[in-house]
Amino acid sequence: PRRSAAEFASRRSLAEKPKLQQMVRLSNPDSAGIDEEVVYYEQYCTSVGTFKIGDFVYVQTEKDYPFIARIDQIWTDARGKAWFHGPWFIRPFEVEHSPTRTFFVREVLLSSVQDKNP
């Protein structure tokens with residue numbers, strides 16, 4: 001069956017859906033005794049787009065290629081700077097493997113490295 005554009009006109013687009021609000025306000029567990037408040041989010045809007053928990057993102061580095069990470073937590077610190085925490089993914093050429101092992105063209109591997117990043 002074919003659908004016309006009129007069928008979709010009455011539906012709300014993703015951009016029109018309301019943004020999720022902050023999840024909870026907690027003191028920062030990584031502050032080591034410093035009384036710094038952070039605000040955790042389920043999603044966070046920036047000038048380059050909206051990021052949600054579970055999203056995969058490219059992180060710019062000094063290397064010729066960006067790193068890939070999954071967002072597990074998003075928060076802003078007391079100064080309003082946004083941060084995220086999550087595991088990194090690596091490409092096959094970054095790990096030692098048998099020469100006969102084949103990979104998909106754009107395959108990435110979950111690493112044990114987790115980090116917080118601005």
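This is a predicted model: local features need pLDDT of at least 70, side-chain atom pairs count only at pLDDT 80 or more; totals for chains, interfaces and linings use all residues.
Colleague: What makes up the protein in terms of helices and strands, and which pattern do they follow along the sequence?

Modeller: There are 1 helix and 9 strands, and read along the sequence they follow the pattern α-β-β-β-β-β-β-β-β-β. Of the 118 residues in the protein, 22% are buried, and among contacts between residues at least 6 apart in sequence, 37% join residues at least 24 apart.

Colleague: Why is the link between Asp72 and Arg70 called a salt bridge?

Modeller: The closest N and O atoms of Asp72 and Arg70 are 3.1 Å apart, and the rule asks for a side-chain nitrogen of Lys or Arg within 4 Å of a carboxyl oxygen of Asp or Glu, so the pair qualifies as a salt bridge.

Colleague: How many salt bridges does this rule give, and which residue pairs with Arg79?

Modeller: The count comes to 2 salt bridges. Arg79 pairs with Asp77, where the closest N and O atoms are 3.5 Å apart, and that value is likewise within the 4 Å limit, so the label of salt bridge holds here too.

Colleague: Are Arg79 and Asp77 buried or exposed, and how do you know?

Modeller: Arg79 has a relative accessible area of 69%, and because exposed means over 50%, Arg79 is exposed. Asp77 stands at 7% relative accessibility, and because buried means under 20%, Asp77 counts as buried.

Colleague: Where does Asp72 sit, and which residues is it in contact with beyond its neighbours within four places in sequence?

Modeller: Asp72 is placed in the loop between strand S6 (67–70) and strand S7 (73–76). Leaving aside those neighbours, Asp72 is in contact with Ile53, His85, Gly86 and Pro87, and its C-alpha lies 6.0 Å from that of Gly54, a residue 18 places away in sequence.

Colleague: What makes Phe89 a buried residue, and which residues does it touch?

Modeller: Phe89, in strand S8, has 12% relative accessibility, and because the limit for buried is under 20%, Phe89 counts as buried. Not counting residues up to four places away in sequence, Phe89 touches Phe56, Ile68, Ala69, Arg70, Val108, Leu109 and Leu110. The C-alpha atoms of Phe89 and Ser111 are separated by 5.5 Å, although these residues are 22 apart along the chain.

Colleague: What makes the largest nonpolar core a core, and which residues belong to it?

Modeller: Membership requires buried residues of the listed nonpolar types, joined through side-chain atoms within 4.5 Å. The largest such core has 9 residues in all, namely Val39, Tyr41, Val57, Val59, Ala69, Ile71, Ile74, Phe84 and Trp88. Strand S2 (37–41), S5 and S8 each supply at least two residues of this core. Val59 touches Pro66, Phe67, Ala69, Phe84 and Trp88, with residues up to four places away in sequence left out. In soluble globular proteins, nonpolar side chains tend to be buried together.

Colleague: How large is the largest pocket, and what lines it?

Modeller: The largest pocket has a volume of about 340 Å³ and is lined by 14 residues, with Thr46, Phe51, Ala82, Phe84 and Pro118 nearest its centre. Strand S3 (43–46), strand S5 (56–59) and strand S8 (82–90) are the elements that give two or more residues to this lining. By class, the lining of the largest pocket has 12 nonpolar, 2 polar and no charged residues.

Definitions and conventions: Residues are numbered from 1 along each chain as its sequence is written. Side-chain values use heavy atoms; hydrogens and water are left out. On a 1 Å grid over the protein atoms alone, a cavity is a set of points where a 1.4 Å probe fits but cannot get out, and a pocket is an open set with protein on both sides within 12 Å along at least five of seven lines; lining residues have an atom within 4 Å of a point. Grid points are joined across faces, edges and corners, and a volume is the space filled by probe spheres set on the points. Ala, Val, Leu, Ile, Met, Phe, Trp, Tyr, Cys and Pro count as nonpolar, Asp, Glu, Lys and Arg as charged, and the others, Gly among them, as polar. Buried means under 20% relative accessible area, exposed over 50%, partly exposed in between (1.4 Å probe, protein chains only). Contact means heavy atoms within 4.5 Å.
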